[in-house]
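Hi,

Here is the structure I promised to pass on. Please have a look, and then read on for my notes.

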Amino acid sequence: MHAIGVDIGGTKIAAGVVDEEGTILAKTRRDTQPDDAGSIDRAIAEVYAELSAGYDIGAIGVAAAGFVAADRSGVLFAPNIAWRDYPLRDNVRALIGTDVPVVIENDANAAGWAEFRYGAAKDVEDMLLLTVGTGLGGAIVVNNRLVRGAWGVAAEVGHMRVVPGGHYCGCGHEGCWEQYSSGSALVRDAQAAVVAQPDRAARLLELAGGDASRLTGPDVTKAAQEGDGLAIDLLAELGRWIGEGSASVAALLDPALIVIGGGVGAAGDLLLAPARKAFAEQLSARGHRPEAAIVLAAMGNDAGIVGAADLARA
């Protein structure tokens, strides 16, 4: 059965028709307004109309950043989109005017499921996915099952508190893991380093056009790949936080594999090597237990589309 997967971003949605082998047969996208929830409803209906014109569609899966209700009907809360107890499924079904099932899924869960079914984790039964982007998302698979929790909001690993009284987080608390293990954390620390260590920051400042406030995560990665010492140190610090936090999660879940997704993964071993080192150093009972491997995600930007479509069929 073909299904449509929809991946909702802050200012756009991407969608595709996905077959039962995880292959995307057709893709499209629409721009949206994050402060206008109705624009997202309408965009989903538009991509359904476009894609269903050429394919027989049996389900629609929608990947959304936020706390998704346990019955997968809507979004309880989203940090970057105007969703509060929002009935996304019913709104979309009313617009498309058919009885095709619509299933809402957390975006990290969707990406993690795609990696588990078709990507980097297809050969294991227990997996932790970390999506290292603007924030830090997570997905957990235990014994071949996606862990959603009692109310649908499990695996929000980015909001585990790792530094009491630490950096303020958009969730309303301080010291959350994502404030130290995300692309946003990398940029914040890089911008601070340019000011604090000007003698080491020439290349980063050059890439930012002379304005530290314009520095981006890809700038840091580019400089590090060129051999810039400050950029390498910044990525190593990010990797350390990822590895140490992963060791804490492993103490609870004991995954066979930890998959790193998101834009920061472009740094490759500049990020993975320090993450693996920190994970090993902080792993309890090391030397007396098997250790999870830490690898990069394989599905890229298509993971949300593929995972959402596959979960909608389940």
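To start with the charged side chains: with which residue does R30 form a salt bridge? The partner is E46, and the closest N and O atoms of the two are 3.0 Å apart. This pair links distant parts of the chain, as R30 sits in strand β3 (residues 24-31) and E46 in helix α1 (residues 37-52), 16 residues apart. R30 is partly exposed, with a relative accessible area of 22%, and E46 is partly exposed too, at 41%.

A word on the source before I continue. This is a predicted model, in which local features need pLDDT of at least 70 and side-chain atom pairs count only at pLDDT 80 or more, while totals for chains, interfaces and linings use all residues. Residues are numbered from 1 along each chain as its sequence is written, and side-chain values use heavy atoms, with hydrogens and water left out.

A salt bridge is a side-chain nitrogen of Lys or Arg within 4 Å of a carboxyl oxygen of Asp or Glu. Buried stands for under 20% relative accessible area, exposed for over 50%, and partly exposed for what lies in between (1.4 Å probe, protein chains only). Helices (H or I, at least four residues) and strands (E, at least two) are DSSP runs numbered from the N terminus, and two strands pair if DSSP finds at least two bridges between them.

Salt bridges

Searching the whole structure gives 20 salt bridges. One of them joins R148 to E105, with the closest N and O atoms 2.7 Å apart. Here, too, distant parts of the chain are linked: R148 belongs to the loop between β11 (145-146) and α4 (183-196), E105 to strand β8 (residues 102-106), and 43 residues separate them. R148 is partly exposed, with a relative accessible area of 23%, whereas E105 counts as buried at 3%.

Within helix α5 (residues 202-207), E206 and R203 lie three residues apart, about one turn of the helix. Their side chains meet in a salt bridge of 2.9 Å, N to O. E206 is exposed, with a relative accessible area of 55%, and R203 is partly exposed at 22%. Through shared partners, salt bridges join R203, E206, K222 and E226 into one network.

Strands

Strands of a sheet pair through backbone hydrogen bonds, either parallel or antiparallel. Strand β1 (residues 2-8) and β2 pair in the antiparallel sense over six bridges, and a hairpin joins the two through three residues. Across that pairing, G5 has G16 in β2 as its bridge partner.

β2 also pairs with β3, again antiparallel, over seven bridges; there A15 has T28 in β3 as its bridge partner. The hairpin of β2 and β3 has five residues between the strands, and in it G22 takes a positive phi near 80°. Five of the seven residues of strand β2 (residues 12-18) are buried, so the strand is largely enclosed by the rest of the structure.

There is also an open sheet of three strands, in the order β5-β6-β7, with antiparallel pairing. Its edge strands are β5 (67-68) and β7 (84-86), each pairing on one side only. Strand β6 (residues 75-77) and β7 pair over two bridges, and F77 stands opposite R84 in β7.
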